[in-house]
Amino acid sequence: MGRGLRRCAVVLAAGAMLVACKGKKGEEAPGNVPEFVLTYAENQAEDYPTTRGAYKFAELVKERTGGRIEILVHAGGALGDEQAVVEQLQYGGIDFVRASLSSLSEFVPELNVLQMPYLYKNSEHMWKVLEGKIGDEFMEVLDGSGLVGLSWYDAGARNFYCTKKPVQRLEDVKGMRIRVQESEMMASMVEALGGTAIPMTYDKVYSALETGQIDGAENNWPSYESVRHYEVAPYYTVDEHTRVPEMQLMSQYTWDKLSAEDQRIIVECARESALYERKLWTQRSESSMRRVKSAGCTIVELTDEEKERFREVMTPVYQKYCADYMDVIERIAAVGEE
Ligand code: GCU
């Protein structure tokens with residue numbers, strides 16, 4: 001099915017479910033019939049930390065609304081790629097998504113700030129930012145976009161991986177065709193390193209690596225392992241160029257149909273599920289790393305000097321995407337130092 005047709009099919013299916021199952025606001029569901037049946041899109045596999053977070057969220061919501069709100073999780077990208085799903089949220093065809101900030105920044109460009117290369121010192125620093133005032137402010141930048149931010153999910157740090165040779169120095173990136181998410185900022189980052197950025201949806205990357213359409217890609221340990229990119233691109237370089245947070249989002253359209261109490265429950269459950277996802281994330285990162293190492297992949301640790309060279313070439317990328325937000329970048333750098 002083409003993208004347009006697929007979108008229409010999903011909108012119709014989800015819309016039909018809402019019409020069929022919606023009762024009056026605030027009433028107990030008669031018997032076991034839920035008042036709302038809502039759809040949740042997730043592009044990772046069933047056993048992936050973010051998907052398990054989604055199931056936890058659905059379970060908590062069902063429990064705390066006495067079964068009035070049921071959330072059906074569709075994993076493995078069944079409802080379409082991330083950007084198509086986000087568009088659907090904007091007009092109420094799909095109710096929830098967990099999405100990478102790289103995709104979301106194309107809809108709400110301010111979000112680029114939180115995914116800039118080498119922005120965070122480490123995971124702890126990122127979490128202090130997201131869980132503090134800055135994180136709350138960025139949840140609010142979604143206002144007016146048709147999307148409601150519910151919680152932050154972990155997606156670790158992203159690293160480059162290649163099919164034929166490892167990236168050990170900045171010069172190695174030169175001329176390489178590297179897949180990036182459909183994000184202008186990510187493309188600019190690869191270009192700044194001397195590579196050629198090839199934007200592509202997640203589901204297309206394995207075959208593009210396998211057929212030589214691209215020379216490499218970049219992602220975190222669990223994705224590299226889960227979608228088996230390590231089988232076709234066995235050289236993984238730990239350069240940690242970005243930490244891209246992820247968000248659980250709800251369609252504003254659906255949000256507006258809920259009572260204030262149900263909205264409160266949704267946010268509370270999303271935040272609890274996020275804590276659960278973070279724990280799973282840490283475990284999965286370690287097990288994924290072990291799995292790809294035992295599969296024989298070559299893991300390269302970038303030296304501090306080389307990392308510094310990668311960092312230095314990012315200045316124009318900051319100028320392009322963050323010129324109006326340098327004060328926020330400084331506030332982020334200061335988090336944890338007060
Ligand atoms: C991560 C992220 C996905 C995203 C993917 C990508 O795996 O969790 O949501 O689609 O990166 O590189 O496209």
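Thr50 is found in helix 2, which spans residues 49–64; helices (H or I, at least four residues) and strands (E, at least two) are DSSP runs, numbered from the N terminus. The model is a predicted one, so local features need pLDDT of at least 70 and side-chain atom pairs count only at pLDDT 80 or more, while totals for chains, interfaces and linings use all residues. Residues are numbered from 1 along each chain as its sequence is written, and side-chain values use heavy atoms, with hydrogens and water left out.

Is Thr50 buried or exposed? Thr50 counts as buried because its relative accessibility is 0%; buried means under 20% relative accessible area, exposed over 50%, and partly exposed in between (1.4 Å probe, protein chains only). Leaving aside residues up to four places away in sequence, Thr50 touches Glu42, Gln44, Arg98, Tyr153, Asp154, Glu246 and Glu277, where contact means heavy atoms within 4.5 Å.

The ligand comes next. Among the residues that surround the ligand are Asn43, Gln44, Glu82, Arg98, Arg158, Tyr202 and Glu246; a residue is counted here if one of its heavy atoms lies within 4 Å of the molecule. Polar side-chain atoms lie 2.8 Å from a ligand oxygen atom for Arg98, 2.9 Å for Arg158 and 2.6 Å for Glu246. On its own the ligand has 310 Å² of accessible area, and the protein covers 97% of this; such areas come from the Shrake-Rupley method with a 1.4 Å probe, and for residues only the protein chains shown count as cover.

Turning to the helices, His125, Met126, Trp127, Val129 and Leu130 are buried in helix 5 (residues 123–131). The buried residues of helix 5 pack against helix 6, strand 4 (147–153), strand 9, helix 13 and helix 16. At the start of helix 5, a side-chain oxygen of Asn122 reaches to within 3.3 Å of the backbone nitrogen of Glu124.

Two packed helices are described by the angle between their axes and the distance between the axes. At what angle do helix 6 and helix 16 pack? Helix 6 (residues 133–140) and helix 16 (residues 326–334) meet at about 145 degrees, and their axes are 10 Å apart. Axes are lines fitted to C-alpha atoms, for helices over the stretch in contact, and angles run from 0 to 180 degrees between N-to-C directions. Helix 6 contributes Lys133, Ile134, Glu137 and Phe138 to the contact, and helix 16 contributes Val328, Arg331 and Ile332.

Most residues other than glycine have a negative phi. Arg228, although not a glycine, has a positive phi of about 60 degrees and is found in the loop between helix 10 (221–226) and helix 11 (229–232). Arg228 is partly exposed because its relative accessible area is 41%. Glu240 is not a glycine either, yet has a positive phi of about 45 degrees. Glu240 lies in strand 9 (residues 235–243) and is partly exposed, with a relative accessible area of 32%.

Finally, Tyr224 lies in helix 10 and counts as buried at 0% relative accessibility. The residues that Tyr224 touches include Tyr161, Pro234, Val292 and Cys297. Lys293, in helix 13 (residues 260–294), is partly exposed with a relative accessible area of 44%. From C-alpha to C-alpha, Lys293 and Tyr224 are 12 Å apart in space, and 69 residues apart in sequence.

How values were computed: A polar contact is a pair of N or O atoms within 3.5 Å; within protein, one must be able to donate a hydrogen and the other to accept it, and residues adjacent in sequence count only if both atoms are side-chain atoms.
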